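Work through the exercises below with the sequence and the model at hand. Each task is followed by a solution in steps.

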Amino acid sequence: MLQLKFLLENKDIVVSRLKIKNFNAENIIEEIETLNNKRKKVQTELNKLQEETNKNARLIGTLVKENKTKEVETLKLNLTNIKEKIQILEKELKNIEKDINDKILQIPNIPHLSVPAGKGSTDNIIIKTGGPEPKPNNLLPHWELGKKYKIIDFEAGVKITGGGFPVYVEKGAKLQRALVSYFLDKAIEQGFKEYIPPYLVNENTAFGTGQLPDKEGQMYKIEEDNLYLIPTAEVPLTNIYKNTILNEDELPIKLTAYTPCFRREAGSYGQNVRGLNRIHQFDKVEIVVIEHPDRSYKQLEDMVSYVESIVISLNLPYRIVKLCGGDLSFTSALTYDIEVFSMAQNQWLEVSSISNFETFQANRMNLKYKDKKTGKNFLCHTLNGSALALPRIVAAILENNQFEGGIKIPEILIPYTGFSIID
RNA sequence: GGAGAGAUGGCAGAGUGGUUGAAUGCGGCGGUCUUGAAAACCGUUGAAACCCGUAAGGGUUUCCGGGGGUUCGAAUCCCUCUCUCUCCGCCA
């Protein structure tokens, strides 16, 4: 969420920039401003009454010691009246604060100046294309390859859980493990610290990174314990630093974790959910960075090139896409997607989404750093990206590397899989 | 799951109704000393909101795990939730 102060001091900027996200903020900011003025008034009034009460309460203390019972009784009576007023004002202040908060929560993050206008994914800008040439070919799609080589059993998944919960078998399972290990090793090499976080998080944590209240329907919820299954390691990983004031020189903090991810994907349908394209449980290695505001965009570029380097090492056709305002998520200021091309499906598959959230998550999480010069506390910037999500990478590897005799494993993975061909 | 104990500032740890936002120690920061460092000594050191001020700064309020209550007054008393520790039970 945006900071109240920033929001009101930069009204025009906020309104005009949010237009890129196709969000009209004008009215809501005005409402917030009115509420905030009211809030200030009420608080000032309340503080005065509280001051009076405190002074008198102290006075009673001394009078009691001096045994001046009469004076004490009159003072008490007087204070009882003030107390009633205070209670009313306190309630009012709380309500106003809640109203303001509710309204701010409805405002998405401001897009970075470089974000292009646009309605949806077709308006995204292709920054770069690389890897082998992406030429469509009448090859078998991965869901058929999975069956043919007995490495992915979708039916078994349906039987034991339901659609979107594939079962990986033998070399299929090993390939998953190999990819996870490879991605983690690369990330560690890159200076990320490896974590194994919980896969269930509480409400406050889900709020911190922005999954709540905006994406409540996307998460699986354990009603009985009021916990959520993580949709991405971003959630537990970033929240490790919830309610923290860091020293400036601790930044950047670079974290990585492999976790399974759980997504309900309500409303998805058709070709996009075939096979591994969109599933309810999948594996992903995530990278998270907490960074100084001055360096966060440089950091974002570094993260993108890092993820790019992984895709290159797997020898997959890829492209880097900059999301337009309409495709940008509620919480993001700037996002790059990395997509790999599936020759068999003749389509680009998103395998990574790398974003700078600026202070949007940090404000919700109360994550700050102490500025060395001024000694003042400022919100950190948070960033994250997939590095990488497995299912579509697996799909692309299977589909693009198939030949008459089976499927070739990318060179770099062979030390991890222990085999070079799936047949 | 049952019984008991506890939760205080970055950390350790006092404080059980009246200038306590909180002793003391450690740590951090600044300084003196030193060629430099260490040691020693001196000073300083939580967060947020509001008011006054262009600012520097000054003032007020709230916050002692979360929420609620008693009281003129709560870190201190009561209720409730969460978490931690000890013992028992269960168990990969």
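A charge sits over a ring if NZ of Lys or CZ of Arg is within 6 Å of the ring centre and within 35 degrees of the ring normal. This is a predicted model, in which local features need pLDDT of at least 70 and side-chain atom pairs count only at pLDDT 80 or more, while totals for chains, interfaces and linings use all residues. Residues are numbered from 1 along each chain as its sequence is written, chains are lettered from A and ligands numbered from 1 in the order in which they are written, and side-chain values use heavy atoms, with hydrogens and water left out.

**Exercise 1. Charges over rings**

Task: Find what sits over the ring of F192 and what lies over the face of F207.

Solution. Start with F192: the charged end of K254 is placed over its ring, 4.7 Å from the centre. Then turn to F207, where R364 lies over the face at 4.7 Å from the ring centre.

**Exercise 2. An aromatic pair**

Task: Classify the pair formed by the rings of F341 and W348.

Solution. A pair of aromatic rings is described by the distance of the centres and the angle of the planes. Rings of Phe, Tyr and Trp (its six-membered ring) pair if their centres lie within 6.5 Å; planes under 30 degrees apart count as stacked, over 60 as edge-to-face and the rest as tilted. The structure holds 6 aromatic pairs. For F341 and W348 the centres are 5.0 Å apart and the planes stand at 65 degrees, so this pair is edge-to-face.

Next, compare accessibility. Buried means under 20% relative accessible area, exposed over 50%, and partly exposed in between (1.4 Å probe, protein chains only). F341 has a relative accessible area of 5% and is buried, whereas W348, at 22%, counts as partly exposed.

**Exercise 3. Helix α3 and the RNA**

Task: Describe the span of α3, then state which element gives the most residues to the surface near RNA strand B.

Solution. Helices (H or I, at least four residues) and strands (E, at least two) are DSSP runs, numbered from the N terminus. The expected span of a helix is 1.5 Å times one less than its number of residues. Helix α3 covers residues 26-65, 40 residues in total, and its first and last C-alpha are 59 Å apart, close to the expected 58 Å. Its buried residues include I28, L35, L46 and L63.

Now take the RNA. A residue is near a strand or molecule if one of its heavy atoms lies within 4 Å of it. There are 19 residues around RNA strand B, of which R39, Q43, Q50, A57 and K94 come nearest. Among the atoms of RNA strand B within 4 Å of the protein, 75% belong to sugar or phosphate and the rest to bases.

A polar contact is a pair of N or O atoms within 3.5 Å; within protein, one must be able to donate a hydrogen and the other to accept it, and residues adjacent in sequence count only if both atoms are side-chain atoms. T44 places a polar side-chain atom 2.7 Å from a sugar or linking oxygen of RNA strand B. For N47, the corresponding distance to a sugar or linking oxygen is 3.1 Å. The side chain of K94 has an N or O atom 2.5 Å from a phosphate oxygen of RNA strand B. Two or more residues each come from α3, α4 and β14 (367-370). The most come from α3, with 11 residues.

**Exercise 4. Backbone details**

Task: Which residue does a cis peptide bond join to P213, and where is P252 found?

Solution. L212 is joined to P213 by a cis peptide bond, with omega about 0 degrees. P252 lies in the loop between β8 (244-247) and β9 (253-262), and the peptide bond from L251 to P252 is cis.
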